[in-house]
Amino acid sequence: MTTSKIFSHWDETHSQLWNHQPIRLEHEMHTSPAFSMDDLARLIEGYPRQHYSIVQTGARGSSRVWREGDLGNLGGREVIDAISRGELWLNLREVGLVDSRYRELVDRMFEEVAAKVPGFEVPEFHQAGILISSPRAEVYYHADLPWQALVQISGRKRVYVYPNTAPFITSRHLEDITLFNVEVDLPYQDWYDNHAKVLEIGPGLDAELAAQRATSGRDLDTFSVSMTISYTDDEIRRSEVVNFANACCAIASAISRRAGICAVPRTSPNG
């Protein structure tokens, strides 16, 4: 494993904006042999079934389609070839647990961040996945509760990051995601895009998206490989606990109203 730096360019503005605003960073992760097509094909062939999703989405501009499938007995190269031809994406979740090379890359990334961002500590627990997607594939409007980054390895993506305020995302949306663990049911209007921050990323570019923001993504007519990285710190966990408690309170209040009982009070992250 090479010991070269992950981030090829970092300045003071990145340190100040980290985890506060969506930012784009330059990286060298795409040069790792672990991301060669041969290595990715071998990774796919042995990937545990419980840790991957293969999804067909609708063509751009058409009605929404979401069909999940199975790789069956296809070889890794066959899977990559199929993805390169259709509206498909393959999400290899928990890749750091399956292959330690990817865990080491992410560990090094966070170590570099800790050296540059005052107060940032390398997260004890983080997750990473590899997303392999077709030309014209879309990631529908959704929100992620943990901190998120998208590290582009090959191909190009356009990422839309929306304001973390109503109507783009509300407390009720966050509560529903926390309670039901469904991130893709957010209401969406075409005009939302006019208010999004748009980050175009290609090989060697990383979109750091922060936490609890609505995003969507589009591959720019290229076969794409990227790594998704997330972590949860004490502040994010506290917010998730509050969202879960408020979701439960909302359900209890609805039941109480039907029974003629006083509503259950909501809470906030500060108590």
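**Close-up 1. Surroundings of Met227 in the predicted model.** Leaving aside neighbours within four places in sequence, Met227 is in contact with Met29, Phe35, Val95, Tyr102, Val106, Ala128, Gly129, Ile130, Ala149, Leu150, Val151 and Ile153.

**Close-up 2. The largest nonpolar core.** This core has 44 residues, and the members that touch the most others are Trp18, Leu90, Ile130 and Met227. Six of its residues come from helix 5 (residues 100-116), which gives the most to the core. A second core, of 13 residues, is separate; among its members are Tyr141, Leu186, Ala196 and Ala214.

**Close-up 3. The ring pair of Phe110 and Phe120.** The structure holds 18 aromatic pairs. In this one the ring centres are 6.1 Å apart and the planes lie at 25°, so the pair counts as stacked. Phe110 belongs to helix 5, while Phe120 is in the loop between helix 5 and strand 6 (126-133), ten residues apart. Phe110 is buried, at a relative accessible area of 0%, and Phe120 is buried at 13%. Ring pairs also join Phe110 and Phe120 into a cluster with Phe7, Trp10, Trp18, Trp147 and Tyr231.

**Close-up 4. The ring pair of Tyr141 and Tyr192.** With centres 5.7 Å apart and planes at 55°, the two rings form a tilted pair. Tyr141 lies in strand 7 (residues 138-154) and Tyr192 in the loop between helix 6 (171-180) and strand 9 (197-201), so the pair ties together parts 51 residues apart in sequence. Tyr141 is buried, with a relative accessible area of 5%; Tyr192 is buried, at 5% relative accessibility.

**Close-up 5. Arg49 and the ring of Tyr52.** The charged end of Arg49 sits over the Tyr52 ring, 4.2 Å from the ring centre.

Definitions and conventions: Residues are numbered from 1 along each chain as its sequence is written. This is a predicted model: local features need pLDDT of at least 70, side-chain atom pairs count only at pLDDT 80 or more; totals for chains, interfaces and linings use all residues. Side-chain values use heavy atoms; hydrogens and water are left out. A nonpolar core is a set of buried Ala, Val, Leu, Ile, Met, Phe, Trp, Tyr and Cys residues joined through side-chain atoms within 4.5 Å. Buried means under 20% relative accessible area, exposed over 50%, partly exposed in between (1.4 Å probe, protein chains only). Helices (H or I, at least four residues) and strands (E, at least two) are DSSP runs, numbered from the N terminus. Contact means heavy atoms within 4.5 Å. Rings of Phe, Tyr and Trp (its six-membered ring) pair if their centres lie within 6.5 Å; planes under 30 degrees apart count as stacked, over 60 as edge-to-face and the rest as tilted. A charge sits over a ring if NZ of Lys or CZ of Arg is within 6 Å of the ring centre and within 35 degrees of the ring normal.
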